[in-house]
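Here is a short report on one chain.

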Amino acid sequence: MNTVRFEVSEKLELSQADHDVAIKGWDQAAIELVVDGSTDQCVAEQREGTLVVEAHAPLAIHVPRGTVVSAAQVSGDLLLRDLDGAADIGIVHGDASVVSGQASVSFQEVHGDLAVEHVNGPLSMGQTHGDVHLSHVGAASLARVHGDVSARTVAGDLGMGAVSGDVRVRDVAGALTLEEGLGDFRGQDLSGGMNVQAVKGDLSLKTALTPGLDYRAQANGDVRAR
């Protein structure tokens, strides 16, 4: 392991990452790069308040919690932890995880699974080829999921476009929407209303109905509600 430190920058830009990357917030006023390899496998340059990093080895990065983070492409897995600033991520070829913090996070595409836990900021996802797991999150928008979706304790709205697998949701405070689900749907404790436009499989609903809100659903399979 080799460590390199830089003066604090307002933004971290990961222009290229050929292996796994972990970006973690901390309380120090500096950015630290921990390279699992030689230092010449990681190139970093400060440009007008932005630290631009190109990594050809597994990399761990510690940044002040409010740092704005962007990454164009990560060839391995990506971990974001304890971040409070915005995070804008392009393509992740492995799995992606976001743990703890207030950050607003957006992904263009994740080829593996996506897990988001204890993150209060909004989440926006373009396309996930694996499964999506959400737990104790704020508002979330998922455009296209090729696997299953599991969501529990969502403080805001939960919007889903097309989901190829099963959908399991519980304790959603905001409005729940699903445009198309090719598997089964199971919902519980949906206090913000529901609009499930099309489910190819079975649908199961267990919730109190909030006065003044709509609960709409259509399914090709069996429907159970209580």
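Is arginine 47 buried, partly exposed or exposed? Arginine 47 counts as partly exposed, because its relative accessibility is 45%. Areas come from the Shrake-Rupley method with a 1.4 Å probe, and for residues only the protein chains shown count as cover.

This is a predicted model, where local features need pLDDT of at least 70, side-chain atom pairs count only at pLDDT 80 or more, and totals for chains, interfaces and linings use all residues. Residues are numbered from 1 along each chain as its sequence is written, and side-chain values use heavy atoms, with hydrogens and water left out.

**Overall make-up**

The protein chain has 25 strands and zero helices. Both are DSSP runs numbered from the N terminus: helices are H or I with at least four residues, strands are E with at least two. Along the principal axes, the C-alpha atoms fill a box of roughly 60 × 30 × 25 Å. Of the 226 residues in the protein chain, 46% are buried.

**Salt bridges**

The count comes to five salt bridges. The rule asks for a side-chain nitrogen of Lys or Arg within 4 Å of a carboxyl oxygen of Asp or Glu. Among them are these pairs:

| Pair | Closest N to O |
|---|---|
| Arginine 5 and glutamate 32 | 3.4 Å |
| Aspartate 214 and arginine 216 | 3.8 Å |

Arginine 5 forms its salt bridge with glutamate 32. That pair links distant parts of the chain: arginine 5 sits in strand β1 (residues 2–7) and glutamate 32 in strand β4 (residues 30–35), 27 residues apart. Arginine 5 is partly exposed because its relative accessibility is 46%. Glutamate 32 has 13%, so it counts as buried.

Glutamate 45 is partly exposed, with a relative accessible area of 41%. In the remaining pair of the table, aspartate 214 is partly exposed at 49%, while arginine 216 is exposed at 52%.

**Charged patches**

Asp20, Asp77, Asp95, Asp113, Asp131 and Asp148 form a negative surface patch. A positive one gathers Arg186, Lys206, Arg224 and Arg226. Patch members have over 30% relative accessible area and no salt bridge; like charges are joined within 9 Å, nonpolar side chains (Val, Leu, Ile, Met, Phe, Trp, Tyr) within 5 Å. Lys and Arg count as positive, Asp and Glu as negative; His and the chain ends are not counted. Each charge is placed at NZ of Lys, CZ of Arg, CG of Asp or CD of Glu.

Where is aspartate 113? Its place is the loop between β12 (105–110) and β13 (114–119). Aspartate 113 is partly exposed, at 35% relative accessibility.

**Two buried residues**

Threonine 67 lies in the loop between β7 (59–64) and β8 (68–74). Threonine 67 counts as buried because its relative accessibility is 3%. Its side chain reaches the backbone oxygen of proline 64 at 2.8 Å.

Leucine 205 is found in strand β23 (residues 203–206). Leucine 205 is buried, with a relative accessible area of 11%. Leucine 205 and histidine 146 are 59 residues apart in sequence and 23 Å apart in space, C-alpha to C-alpha.

Note on methods:
Buried < 20%, exposed > 50% of the residue type's maximum accessible area, 1.4 Å probe, protein only. Polar contact = N/O pair within 3.5 Å; in protein donor to acceptor, adjacent residues only side chain to side chain.
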